[in-house]
Amino acid sequence: MNHPATRDMLNALPSPVLLDIAILFTALAWCFGFYLVDKRVYLFASLAIGCFVCLVGYSVASLGAPVWAVVAAPIPVDFPLLWYVLKNVRKMLIAYPAIWTIYIVFHLFLRSVLRYDSLIPGWKLHS
C-alpha cells in the first residue's frame, strides 16, 4: 500500500461511504470509552451517538462553517448524551477524555495507514 494512488483510494470513495466510515470509528471510540469506565458494552447507544455526532458535524460543515466549528458543534450535546448513558458525573468526566483520546488514536492510525482525514477534518496529518 505504498503507492500514492492506492493510499488515497479511501478518500476517493463517495461522500456517504466516507461519512459511514467516520460514523463507525466515532461509534467505536464512544463504545470503548463507555467500556473503560462502566465495563459494559453500549453498542446501540454508541452507534446512535456516532451517527448524531457525525451528522451534526457534517451539517455544520455543509453550511460552510470554519473547521473549528465543525469539530466543536456536537460538544455541547455530548454531555447530555453521556449522562443519558452513564448517569454518573464521575464516570462521565473519565469517559469523555478517554473517548477523545481513542478518537484521536483512530485518526492518527487511519491517517498514517490510509491517508484518511475525515475523522478530524481540521487536523490533516500530511506526510
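Reply: Gladly! Let us begin with the word helix: helices (H or I, at least four residues) and strands (E, at least two) are DSSP runs, numbered from the N terminus. Ile104, for instance, has its place in helix H6. Before we go on, note that this is a predicted model, where local features need pLDDT of at least 70, side-chain atom pairs count only at pLDDT 80 or more, and totals for chains, interfaces and linings use all residues. Residues are numbered from 1 along each chain as its sequence is written, and side-chain values use heavy atoms, with hydrogens and water left out.

Me: How many helices and strands does the protein have?

Reply: There are six helices and zero strands.

Me: What share of the residues counts as buried?

Reply: Buried means under 20% relative accessible area, exposed means over 50%, and partly exposed lies in between (1.4 Å probe, protein chains only). Of the 127 residues of this protein, 39% count as buried. Ile104 counts as partly exposed because its relative accessibility is 30%.

Me: How should I describe two helices that pack together?

Reply: Two packed helices are described by the angle between their axes and the distance between the axes. The axes are lines fitted to C-alpha atoms, for helices over the stretch in contact, and the angles run from 0 to 180 degrees between N-to-C directions. Take helix H2 (residues 15-38) and helix H3 (residues 43-62): their axes come within 8 Å and cross at roughly 130 degrees. H2 and H3 are therefore oblique to each other; angles under 35 degrees count as roughly parallel, over 145 as roughly antiparallel, 65 to 115 as roughly perpendicular and the rest as oblique.

Me: Which residues of H2 and H3 make the contact?

Reply: Contact means heavy atoms within 4.5 Å. On the H2 side, the residues include Leu19, Ile23, Trp30 and Phe34, and on the H3 side they include Leu47, Val53, Leu55 and Tyr58. The residues of this contact divide into 14 nonpolar, three polar and no charged. Here Ala, Val, Leu, Ile, Met, Phe, Trp, Tyr, Cys and Pro count as nonpolar, Asp, Glu, Lys and Arg as charged, and the others, Gly among them, as polar.

Me: At what angle do H2 and H6 pack?

Reply: H2 and H6 pack at about 140 degrees, with their axes 8 Å apart. That angle makes H2 oblique to H6. Among the residues that meet are Thr26, Trp30, Leu36 and Asp38 in H2, and Lys91, Ala98, Ile102 and Phe106 in H6. The contact of H2 with H6 has 16 nonpolar, two polar and two charged residues.

Me: What does Leu36 touch?

Reply: Leu36, found in helix H2, touches Ala98 and Ile102, not counting residues up to four places away in sequence. Leu36 and Ala98 are 62 residues apart in sequence, and C-alpha to C-alpha they are 8.0 Å apart in space. For the whole protein, among contacts between residues at least 6 apart in sequence, 54% join residues at least 24 apart.

Me: And how do H2 and H5 pack? What is their angle?

Reply: H2 and H5 pack at about 50 degrees, and their axes are 12 Å apart. H2 is thus oblique to H5. Trp30, Phe34, Val37 and Asp38 of H2 contact Asp78, Leu82, Val85 and Leu86 of H5.

Me: Where does a nonpolar core come in?

Reply: In soluble globular proteins, nonpolar side chains tend to be buried together. A nonpolar core is a set of buried Ala, Val, Leu, Ile, Met, Phe, Trp, Tyr and Cys residues joined through side-chain atoms within 4.5 Å. The largest one here has 27 residues, and those with the most contacts inside it are Trp30, Phe34, Leu82, Val85 and Leu86. H2, H3, helix H5 (75-86) and helix H6 (89-114) are the elements that give two or more residues to this core, with the largest share, 10 residues, coming from H2.

Me: Which residues have a positive phi?

Reply: Most residues other than glycine have a negative phi, and most peptide bonds are trans. Lys39 has a positive phi, near 55 degrees, and lies in the loop between H2 and H3. Lys39 counts as exposed because its relative accessibility is 55%. Lys87 also has a positive phi, of about 50 degrees, and is found in the loop between H5 and H6.
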